[in-house]
Amino acid sequence: MNSLAVDYPDLRKAPVLASLKDAHFDGLLGAMQERRMSPGEVLFRQGQPGDTMAVIARGSFRVTVTAPDGSQREIGTMGPGDSAGEMVCVDPAPRSATVTAVQPSVVFLLRRNMLQVLREKGPPVVMAVLTGVIGQVTDRIRKIHAQVDRRMAEVAAPQAPASRSPERVFPEADALTPQLFRGTLDLGKVSALADFSVADQEILKVVSRQLRFPPGAVLCREGDPGSSCFIVAEGEVDLFKQIGGENRRLTTLSGCLLGQMALVDPSPRSATLRTRTEVVALELVRDAFQQLLGEHSPCAMRFQEMLAVTGIRQLREATERLANLRDVSAPQRRPEARTAPAVPRSPVPPSRD
């Protein structure tokens, strides 16, 4: 075993590395850069570009985001085995949070260009790392969503009834069942599949069910167990969440991957998806997804990358939403009278990891 793994046993438990075979783990770890950090030293800073992922071998870090008023809001902590910055290794963008060492720490760094080399020379290594990234991103999405839900419920509490039992969302939709779609489906028009070849698209058709949903049908319900994802090929889907005892539509989506967290996490669905128009979608179940990954084919890698990118972008949006929410527990200051125009603040850097 690599001596570094002996010195830092938590590295082997790191989710982004846990799926690697021993030989692949030793080789990848030996190629990563070791970095020692002091308390207060910044590993990654929100808004700055980056191309590096860090796996924490020792120590601890705090994760903060900049709120619209310029204050720093802590959204989490990290310790040995956790990873940070993996999002930019898969989907380049400015970093969405600042990560700062709390105590003397050691991290191992992996750059995006190394992953790109491994895509050609070591597909199983990249797919194992992607499996870990997807798991990490999925876990963080759920935690951020939980924080957002609590904060929004606090904001909505004064307007909500004192006590209200949750109701089943859109019970009338239970009578709207999907039908098998037997027409010709052109997946080339689906933006989420832009990097897929025609051959890859045909593979997806084979491993998925092609379904037609009428308007008003529910693809999945918040709180229900999930075991499949949907690739929306035609039509529009509304996303709803229960907030403060009320069902609220947050956005409308099309040409995208939805419900993908269910492929790697059996936790209850975090939102309800309801068709706004007639929708044609591919439904991929968890077992078929695992079988696809086991083949280590180019199609499997591209689908896994799409899964990772979709999750990463959802996490960025959730992180930004959390940073922008008003903290109702904080005392609200009364506006002061001004005798001169206020000096505008510098714009907050975009919250993208």
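Strands here are DSSP runs of E, at least two residues long, numbered from the N terminus. In this predicted model, Glu-34 sits in one of them, strand β1, which covers residues 33-37. Glu-34 counts as partly exposed because its relative accessible area is 33%, between the cut-offs of 20% and 50%.

The side chain of Glu-34 has polar contacts to look at. One joins it to the side chain of Tyr-8 at 3.1 Å, and another links it to the side chain of Arg-36 at 3.2 Å. Val-106 is 72 residues away from Glu-34 in sequence, yet their C-alpha atoms are 7.1 Å apart in space.

## The largest pocket

Now for the pockets. The largest pocket has a volume of about 1200 Å³. Its lining takes in 46 residues, and those nearest the centre are Gln-260, Val-309, Thr-310, Arg-313 and Gln-314. Elements that supply two or more lining residues include α5 (112-121), α6 (123-156), β14 (246-253) and α9 (298-324). With 10 residues, α9 gives the most.

By class, the lining of the largest pocket holds 23 nonpolar, 11 polar and 12 charged residues.

## The second largest pocket

The second largest pocket holds about 430 Å³ of space. It is lined by 23 residues, with Val-63, Ile-75, Gly-76, Met-78 and Arg-140 closest to its centre. Two or more residues each come from β5 (72-78), α4, α6 and α9.

Which element gives the most to this lining of the second largest pocket? That is α6, with six residues. The classes here are 10 nonpolar, seven polar and six charged.

Note on methods
Residues numbered from 1 in each chain as written. Predicted model: local features only at pLDDT ≥ 70, side-chain atom pairs only at ≥ 80, totals over all residues. Heavy atoms only, no water. Helix = DSSP H or I, 4+ residues; strand = E, 2+ residues; numbered from the N terminus. Buried < 20%, exposed > 50% of the residue type's maximum accessible area, 1.4 Å probe, protein only. Polar contact = N/O pair within 3.5 Å; in protein donor to acceptor, adjacent residues only side chain to side chain. 1 Å grid on protein atoms, 1.4 Å probe; cavity = no way out; pocket = protein on both sides within 12 Å on 5 of 7 lines; lining within 4 Å. Points joined across faces, edges and corners; volume = space filled by probe spheres on them. Nonpolar A, V, L, I, M, F, W, Y, C, P; charged D, E, K, R; others polar.
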